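Hello,

Here is the structure I promised to pass on to you. Please open it alongside this message, and my notes follow below.

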Amino acid sequence: MAVDPLVAASVRTTVPLLLAAGGELLSERAGILNIGLEGAVIAGALAATLGVGPWGLAGGYAAALCAGAAVGLLMALFVVVVRADQILTGTAATLLAFGVTGAVYRGVYGATGVALTLPTSAPFRIPVLAAIPGVGSALFDQPAVFYLAYLLIPILWWFLYRTQVGLALRAVGESPAAAGAAGIAAGPLRAAAVTVGSALGGLAGGVLVLAQAGTFAEGMSAGRGFIAIAIVVLGRWTPLGIMIGALVFGVATAMQYVVQAMGWPIRYELVLMLPYLLTLLALMFSPRGVAPAMLARSDV
Amino acid sequence: MRQGPAVSLTGISKRFGPVVAIQDVDLELGAGRVHALLGENGAGKSTLMGVLFGLVRPDRGTIRLDGAEIAIRSPRDAVRLGVGMVQQHFANVGAFTVAENVALGGQGRYRPRVATEQVRITAQSAGLAVDPNARVADLPVEAQQRVEIVRALARGARLLILDEPTAVLAPAEAAALLAWLRQFAREGGTVVLVTHKVAEALAVADDVTVLRGGRRIASGPATGFTLSTLAAAMFPKSDGTDDATRATPPAPATGEPVLRAHGLAVRGDRGERRIVDATFSVRAGEIVGIAGVEGSGHHELLQALAGVRQPTEGILEIPGRVSFVPGDRHRDALILDAPLYENFALHGAGARTGLIGWPAMRGRTQAVMAAFDVKARSPRDTAGSLSGGNQQRFVLGRELDARPDVLVVENPTRGLDLQATASIHRRLREAAAEGAAVLVHSADLDEILALAQRIFVVHAGIVREVPPDRDGVGRAMVGAG
């Protein structure tokens, strides 16, 4: 078996997960467990579908970002302003997003859901790198938005550990009182973190539609927002960690195709299950103080 | 070093709803001087300092800094004007390094190397030992306090407000801090020391102001005051002062041993050795003081004796009932949002089965509240609605209501005023007189000396009995005895 198809499939499945997990990392480091992320992904997918027609591919991605951000603003309103419970708010936001996207999709495209064929991003080949044998074309002959996902990890690292806003954001996720004493307003920062984080979730949805499927289907986010939350746990709340976590999930997902294609005598569901098992193990062996102290708390 | 500011607060008043926190208070702070702000709990010290640090917006009054009238609307304003505050409950991020904590609140890039260097330079020039790369949560409390001071200095503070800074320190550490404050003032800095320890104020301050009931009762150079004039200003009926510090006549304990430890070893939360090979016994009816500086292992020893921490080696025999009054009543002894009767039912809740007779439980709660002078309208009031002194009397009452053979008490009067302290001390003595063995730790050595007939000192995990005199115990606590 050639390496290329497995790598290509892994990259394809990893990129949306990486974008969503990056968004979740941002949100969780500010202390907000964003269960609404799944809703942001599906909202981004539909917005990309609707936006690509009138405004083109860039417009489609922009619409996906905005739709994700809208879900994030809803989260921010309830979690930061009303101080509602994060788990309940996030669950409601995701269910709401599924309902709204389903209704809008049927409203626009008819009750049966016309099979759509949308324009998709053309690969942008990076010279030299794409020529690396085995993995080159899978990594570097891809839509431009993929490269943004690759860059997201160093950008997140730089933002969280090398800027004062990143420092403030992490402080808010650990000790809002200490942040407040340093003159940092926790509320706006938390709201911004969950909004930008959800926007990245929306972009992940946009990638599903505009760089991969080329069409929209109800519920096509297929749990990627939830997986992103697991990736953040597995990655122990660090940028490098979530990159590895996203790869673990991405490769496992890609493996299922390989297992099926090669006719190996194991059930592919077992392969898919492995990353979740790893996530549970990661939780079991997490030392105290790894997760942000204020995570999922609304009494800030 | 740059000269600290001279600050004058004039006619400051603040109400919180119907409650007058401070009324028409004046305060003059001179550059190069240490100003002690004295008063009981609720006297208005924290509110007044909140006004100076921008945490509290006054209803009336003016603040002048070096003669110019200024407005301080937020801590950010205060920091910009060179005012720094070390809160009683430290405002640091435990998961961050010292350098990250100090840099917090800045703008633009965060450069770890620059931040580390800044901490090193600030700490060095101020003469404070601080490791910029240490994780703050791993540091002992006195080091965390130095971090707070370094952070204030790094942000350009030339006026330092310290709220009860010695409350969490062992005597030697407290002395070192006060000496450092004198040094800071000598170099031109301005210091406000908020305290209710009168002796400390007289020892270190140039000027003293006493607040009572939100008003300024006395103010002037420290040389114009004595212990008794200050005590009289703070407590119009100053008999409470005497009771709180009165030494117990060391009555020989004649009761049966009710607690025996042999070769006891206890480990901390991270598995580190805290107590090694401790052997002692305690008799019914005696009060034993457990002294030790922060981190010496006394905390884990008390937890082991109270049954909330499992010893790893040795034998611990306590045939009778044990009650425990933990040091952090908010975290470990009370559910603040729950009514008092439910809090009362917490004692023994783990051993109870079946249904709870709530009317009877409320009745017993009411009885304990009456017996222990807990001021609340009814057992249905939440624990969080009570003042610190009433909460502590309630916790003590609940634990004593179980008629324990052994009572383990940690920092029983932390944060309480002198009258509340005196009443807690009286209850502890009564409990011993009625036959309970009382083991008490306090961060305040004088409190231990006032209460205990025998004293065990814990130093670096070793427990040994020391004759109850201040010098001897103090030396043993720092390992010099």
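I will start with one residue pair in chain B: B:V210 has B:A218 in β10(B) as its bridge partner. The two strands involved, β9 (residues 207-212) and β10 of chain B, pair in the antiparallel sense over six bridges. Two terms to settle here: strands count as paired if DSSP finds at least two bridges between them, and helices (H or I, at least four residues) and strands (E, at least two) are DSSP runs numbered from the N terminus.

Before going further, a word on the source. This is a predicted model, in which local features need pLDDT of at least 70 and side-chain atom pairs count only at pLDDT 80 or more, while totals for chains, interfaces and linings use all residues. Residues are numbered from 1 along each chain as its sequence is written, and chains are lettered from A and ligands numbered from 1 in the order in which they are written.

**The six-stranded sheet of chain B**

The pair above belongs to an open sheet of six strands with mixed pairing, in the order β6-β7-β8-β3-β9-β10 (chain B). Its edge strands are β6 (83-86) and β10 (215-221) of chain B, each of which pairs on one side only. On average, and ignoring direction, neighbouring strands of this sheet are turned by 15° against each other. (Angles run from 0 to 180 degrees between N-to-C directions, and axes are lines fitted to C-alpha atoms, for helices over the stretch in contact.)

Two helices are worth a look against this sheet. α1(B) packs on the sheet and touches β3 (34-38), β6, β7 (159-163), β8 (190-195) and β9 of chain B, with its direction at about 150° to that of β7(B). α6(B) also packs on the sheet, touching β3, β7 and β8 of chain B, and its direction makes about 150° with that of β8(B). Contact here means that the C-beta atoms of two residues, placed from the backbone, lie within 7 Å.

**The four-stranded sheet of chain B**

Another open sheet has four strands in the order β2-β1-β4-β5 (chain B), with antiparallel pairing. At its edges stand β2 (19-29) and β5 (68-70) of chain B, each with a single partner strand, so one side of each has no neighbour in the sheet. Neighbouring strands are turned by 30° against each other on average, direction ignored.

Within this sheet, β1 (residues 7-16) of chain B pairs with β2(B) in the antiparallel sense over seven bridges. In β2(B), B:V25 stands opposite B:I12, and B:I22 stands opposite B:K14. β1(B) and β2(B) form a hairpin with two residues between them, and B:G17 in the turn has a positive phi of about 60°. Helix α1 (residues 45-52) of chain B lies across β1 and β2 of chain B, running at about 120° to β1(B).

**Chain B as a whole**

Chain B has 17 helices and 19 strands. Its radius of gyration is 24 Å, close to the 23 Å that the globule rule gives for 481 residues, so chain B is as compact as a globular protein of that length. The radius is taken over C-alpha atoms, and the globule rule is 2.2 Å times the number of residues to the power 0.38.

An automatic or database domain assignment supplies the domain bounds: domain 1 covers 7-239 and domain 2 covers 245-477 of chain B. Their centres, taken over C-alpha atoms, are 31 Å apart. In chain B, 12 residues of domain 1 are in contact with 12 residues of domain 2. On the domain 1 side, the elements that give two or more residues are α5 (141-154) and α6 (171-186) of chain B.

Chain A comes to 11 helices and two strands. Helices α10 (residues 239-262) and α11 (residues 268-284) of chain A pack at an angle of about 170°, with their axes 8 Å apart. That makes α10(A) roughly antiparallel to α11(A), the word used for angles over 145 degrees.

Between the chains, 18 residues of chain A are in contact with 20 residues of chain B. α6 (164-174) and α7 (176-181) of chain A are the elements that give two or more residues to the chain A side, and α6(A) gives the most, with six residues.

Best wishes

Methods
Parallel < 35°, antiparallel > 145°, perpendicular 65-115°, else oblique.
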